[in-house]
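Welcome, and please open the model in your viewer. We will go from stop to stop, selecting a few residues each time.

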Amino acid sequence: MDAFQLIQSFFSRMRCNFCSHSFTPEDIQLLRQEEGIYIVNVYCTHCETQNGVAMVGVETPQHEHSFPDPELTDEELMRLAEFDPITEDDVLSAHQFIHNLDGNWQRFIPQEMLERCTAPETESQDD
């Protein structure tokens, strides 16, 4: 299975936002391909509705692509590189944690962050 077929298979597990019909591989059309990057059009042929355009990065042994966060410094990126990538299990665990939060969810936020968020902003005075 080539990378584009894998992308079609991935989107075939999703449903149309408008009619809830499952996408077929034919609903996923390749618009553009570059080194490990695919831009695809997602169109529901069942209800004939445009569902969007997606840019999908595919890692292959020849092309490993990384899209750095423009808000992170080089030092932060190096520090974060020490950690393992987030797995599907990590995402499921986070979902379960958030799902089980009760009305007292703020107890999980560090006190200093709460104080920073609730402190009144001081405005500069022009004299």
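Start by selecting D27. Leaving out residues up to four places away in sequence, D27 touches S22, N41, V42, Y43, C44 and T45, where contact means heavy atoms within 4.5 Å. D27 sits in the loop between helix 1 (3-12) and strand 1 (28-34); helices (H or I, at least four residues) and strands (E, at least two) are DSSP runs, numbered from the N terminus.

Before moving on, a word on the model: it is predicted, local features need pLDDT of at least 70, side-chain atom pairs count only at pLDDT 80 or more, and totals for chains, interfaces and linings use all residues. Residues are numbered from 1 along each chain as its sequence is written, and side-chain values use heavy atoms, with hydrogens and water left out.

Which contact does the side chain of D27 make with the side chain of T45? It is a polar contact, at 2.7 Å (a pair of N or O atoms within 3.5 Å; within protein, one must be able to donate a hydrogen and the other to accept it, and residues adjacent in sequence count only if both atoms are side-chain atoms). D27 is buried and has no salt bridge; R15, the nearest side chain of opposite charge, is 11 Å away. Buried means under 20% relative accessible area, exposed over 50%, and partly exposed in between (1.4 Å probe, protein chains only). A salt bridge needs a side-chain nitrogen of Lys or Arg within 4 Å of a carboxyl oxygen of Asp or Glu. For charge, Lys and Arg count as positive and Asp and Glu as negative, while His and the chain ends are not counted.

How many salt bridges does the whole structure hold? There are two. Select R32 and E34, whose closest N and O atoms are 2.3 Å apart. Then try D102 and R107, which meet at 3.0 Å, N to O.

Next, show residues 37-44 and 49-57. These are strand 2 and strand 3, which run antiparallel and are joined by eight bridges; strands pair if DSSP finds at least two bridges between them. Pick V40, and you will find its bridge partner, A54, in strand 3.

Finish with the rings of F10 and F11. Their centres are 5.3 Å apart and their planes at 85°, so the pair is edge-to-face. Rings of Phe, Tyr and Trp (its six-membered ring) pair if their centres lie within 6.5 Å; planes under 30 degrees apart count as stacked, over 60 as edge-to-face and the rest as tilted. F11 is buried at 9% relative accessibility, whereas F10 is partly exposed at 40%.
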